[in-house]
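Please read them with the structure open.

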Amino acid sequence: YALYMFPPGFVESSCRSRIFWMKLNKLLLQGKFFQLEINDPYAGPVLLDEKLASRCGYVLSEDVWGNPVFRASVLGCHVTNEADELFSLTVNIKVSSFSSMRSAVTYTYPMYCSYSSWASREIVCEENYMEVSVKTDVPAVSNDYTVAWMSALPETQNVAYQLWQLMFVSPSGRKRITVSDAAKLGYSFNNTLSRVYLRAPYHSNESDFSVVSGVNMNMVTSTSMYRQRWLLLLIDTTVSCPVDGISFTDTTLTWTVPSVIPTLVVQESTFLSKNILMGVDGRVIVNLEEKNYLLEHNKTHIKITIPIGAGGGKLKSSVSGGVYGVIYSIDLFLEHTWTDADWQTTKYTVVKSITTPFMPQIPTVINNTLPEERLFNVAFGHFLPDVSLVAIAIGNVPFTLREAQHHGFKIYETPFSNGTKGFILEVSFDDLYVLKEYVNRNETKYTLLVNYTISVGAEMTLYYHSAEVECVVADIELPEAVGYCDEENLYLAIPLFGLHQYWNLYLGDKLLNRHVALINGYLAATNSTHLILQIPLFAVGVIYEEVSFQKIKARFDVALRKVRTMETLQMFSISCSFNSPAFISKLHNGSINKKICDSFLEFITNSLIFSVCHPDGTIMISAQMKTVPAIDMSKTKLRDSSCKPRDYNEGHAFFKFHVTTCGTSVRFEGDHIIYENEISYEKELLPGQSISTITRDPDYRLTVLCYYRAKETLVLGAFASDPSTSPPFGSGTMVPRSNIAVHRRVRQALNVVSRVSKDESFMEFYEPNMAILKRPVEPVFIEVELKDESPNTDLCLENCWVTRSLDFNSTPRWNITVDG
């Protein structure tokens, strides 16, 4: 072999409780392969494999940090022994860049161990073997008693002369074999200057299981026999080791070992525990409290409790089934020394490497967002140091860390107090990939969708975790409208910000756009900041709060509604008072263009009367009655004599009423609806000078007409619905009621009754206000009857529909008939 000098820090070794310990630095073995050879002083190097290890007292494993560890008993096969006190072992460490180990570099490493404080019996329970060694300095037996003794022990009569033999006792019976045959079965037996030892693998054919204080024990019951001349040497080489005793909770692991093992202590009454030590990684822990370790023992158990994550062990990140979690590992050993009448002193050592099951640790997303800075601040953790962030996706757009930093995202690690770490992500509310949604009255909901990709453990397993962080900020200012008036118009100035993005303007239930403004006679203009609406006094949508000969008080309302939900957030209103005499004078003089108001009907002949027919069905009339002698204007009336003037003076009377009141009649001409009423004066008898009475003309009257397009204005307001809404599949409920089949504006003028028949015979009807269940495919038989006997009135069924409530104007609605 070509021998090389060790790289600094490559090998660390020690002698711990009669065991050689050697550790290799994993950092110097990265990307390489290695093998161990045991240097036999006589036969040369022997390759270490599993079978050799368990038979010869060797262990090759890893510590919790992943460093290769080699352990060897001082009674191992190739150990040089000087007087059972000084021991040496040489190991070859072969390192290669190839799995075939070609071109390997060989490092030769000798180890030395001094151990002289042997107990009468010493037992070692290693990961892959059990070992018992006992002293052989027993007194010689006198020849006078040899014959009697031999006859008493017939099994020993067949022991070969000057050869060691082993007798195993197992559930299958007794088996006596030579040492050489035992070696073929995986056992190792030998004697030194003052000791005999037996090494056995776990779970051999000659072993047995027993349960001691709830712990499963693997046990080999054997006697080592040697005969020479008058000496017969029988040595109990029974060994028993625990194979479980490990339990876990969410926060701790517990290792339990029996205090008294019956197969090792025959006379339990003489048992006395002397000393109990525990250690981590081969080193005895003196101050257990500092490490938060707990060592307890009683007559039946020795129990070691370790907090998961405690020092001396290692937490390791892992991914199982797409779930992130941790695994905790720790290398423990226990040394129990006791005495009993049979063995004087026994030193019992157990070496145990413990690893917890996979423990899921769902990462948490901590929202430290700063609304006042308009900045998402999201912490993602908690992770062990063996985890790294490799990529993120914002709003499903992937970024490497470098791309994310270049885009403007801030990403950095942060330590936590418990030794874990997290990853901080900072993203501006105004970033392109942040979702924004207008909510409530003046708030924006910002949503950050983030997907993390992290690399876990030395294996660099990828783990993915998604999170959604929201923040609602009141950062939208609701617009405030400014209103003013001139002599003929009302004005509203509304800020443009957010219009059509968050809000829309509505006039009643109609979206106020440029087309609606145009057909209603409004003038709409915009500058860089505001929408300015000019509304003529008698335009559609103007509400007249007060009308008299002195003034006209008018109001115009526009609703600010959310684009998506149609929720009304604010009403913009302008209310002004106009001088009635001046305005009427302009009307009579024609100085106001009739086109400024679509709802002006006409000027009545000779300017004796003017009327305004408002789109909401309100009619206003200013009547001038020049009679000789003058009449009392307070006694004028409409068809319904209870409808008197709202205001009057010596020569004028002012009426205001709705088309459904005061006896107003309705008729259809082409595509128009015409409402008609008349102003009249009651009969009056006046005293005369020569004749007893004079009778004034009783038929004095003025007729008032209002024209409406049949499918606009009044009809549109009455039949508001969403024609695109489809009827639901299933069944519905119909509630028949008297006087609901005709428009409510006509209901007070005409006596109309509707009923629902049970079948096509129209002989039997459902009771009013009774819920009727009908499927969509079933016919509905409806009867509408006009009770009035007026010959000038016709009954036409135009539209019939179903709604979800008794409200005449509720939506959605589903049509039964349209246009008759």
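1. In which strand is Leu 462 found? Leu 462 is found in strand S38, which covers residues 461-473; helices (H or I, at least four residues) and strands (E, at least two) are DSSP runs, numbered from the N terminus. Before going further, note that this is a predicted model, in which local features need pLDDT of at least 70 and side-chain atom pairs count only at pLDDT 80 or more, while totals for chains, interfaces and linings use all residues. Residues are numbered from 1 along each chain as its sequence is written, and side-chain values use heavy atoms, with hydrogens and water left out.

2. Leu 462 counts as partly exposed because its relative accessibility is 42%, where buried means under 20% relative accessible area, exposed means over 50%, and partly exposed lies in between (1.4 Å probe, protein chains only). Together with Val 390 and Tyr 464, Leu 462 makes a nonpolar surface patch of about 290 Å². Patches are made of residues with over 30% relative accessible area and no salt bridge, with like charges joined within 9 Å and nonpolar side chains (Val, Leu, Ile, Met, Phe, Trp, Tyr) within 5 Å.

3. For the chain as a whole, there are nine helices and 64 strands, and 44% of the 820 residues count as buried. The protein chain exposes about 42,500 Å², of which carbon and sulfur atoms supply 52%; accessible areas come from the Shrake-Rupley method with a 1.4 Å probe, and for residues only the protein chains shown count as cover. Among contacts (heavy atoms within 4.5 Å) between residues at least 6 apart in sequence, 60% join residues at least 24 apart.

4. Strand S19 (residues 239-242) has Val 239 and Cys 241 pointing one way and Ser 240 and Pro 242 pointing the other way, and all are buried. Strand S17 (residues 215-228) pairs with S19 in the antiparallel sense over four bridges, two strands being paired if DSSP finds at least two bridges between them. Pro 242 of S19 is the bridge partner of Met 217.

5. Arg 555 has its place in strand S46 (residues 551-562) and is partly exposed, with a relative accessible area of 22%. Not counting residues up to four places away in sequence, Arg 555 touches several residues, including Leu 490, Gly 541, Val 542 and Ile 543. The side chains of Arg 555 and Glu 545 are joined by a polar contact of 2.6 Å, a term for a pair of N or O atoms within 3.5 Å, where within protein one must be able to donate a hydrogen and the other to accept it, and residues adjacent in sequence count only if both atoms are side-chain atoms. Arg 555 and Cys 576, which are 21 residues apart in sequence, lie 6.6 Å apart in space from C-alpha to C-alpha.

6. A salt bridge is here a side-chain nitrogen of Lys or Arg within 4 Å of a carboxyl oxygen of Asp or Glu, and by this rule the count comes to 28 salt bridges. One of them joins the side chains of Glu 126 and Arg 71 (2.6 Å, N to O). Glu 126 lies in the loop between strand S10 (121-125) and strand S11 (130-135) and Arg 71 in strand S6 (residues 68-73), so the pair ties together parts that are 55 residues apart in sequence. Both Glu 126 and Arg 71 are buried.

7. Asp 475 forms a salt bridge with Arg 374, and the closest N and O atoms are 2.8 Å apart. This pair links distant parts of the chain, 101 residues apart, with Asp 475 in the loop between S38 and strand S39 (482-485) and Arg 374 in the loop between strand S30 (364-367) and strand S31 (375-383). Asp 475 is partly exposed at a relative accessible area of 29%, and Arg 374 also counts as partly exposed, at 23% relative accessibility.

8. Ser 54 has its place in helix H1 (residues 50-56) and counts as buried, with 15% relative accessibility. Leaving aside neighbours within four places in sequence, Ser 54 is in contact with Asn 128, Tyr 129 and Arg 199. Ser 54 and Arg 199 are 145 residues apart along the chain, and their C-alpha atoms are separated by 8.2 Å. A polar atom of the Ser 54 side chain lies 3.3 Å from the backbone oxygen of Lys 51.
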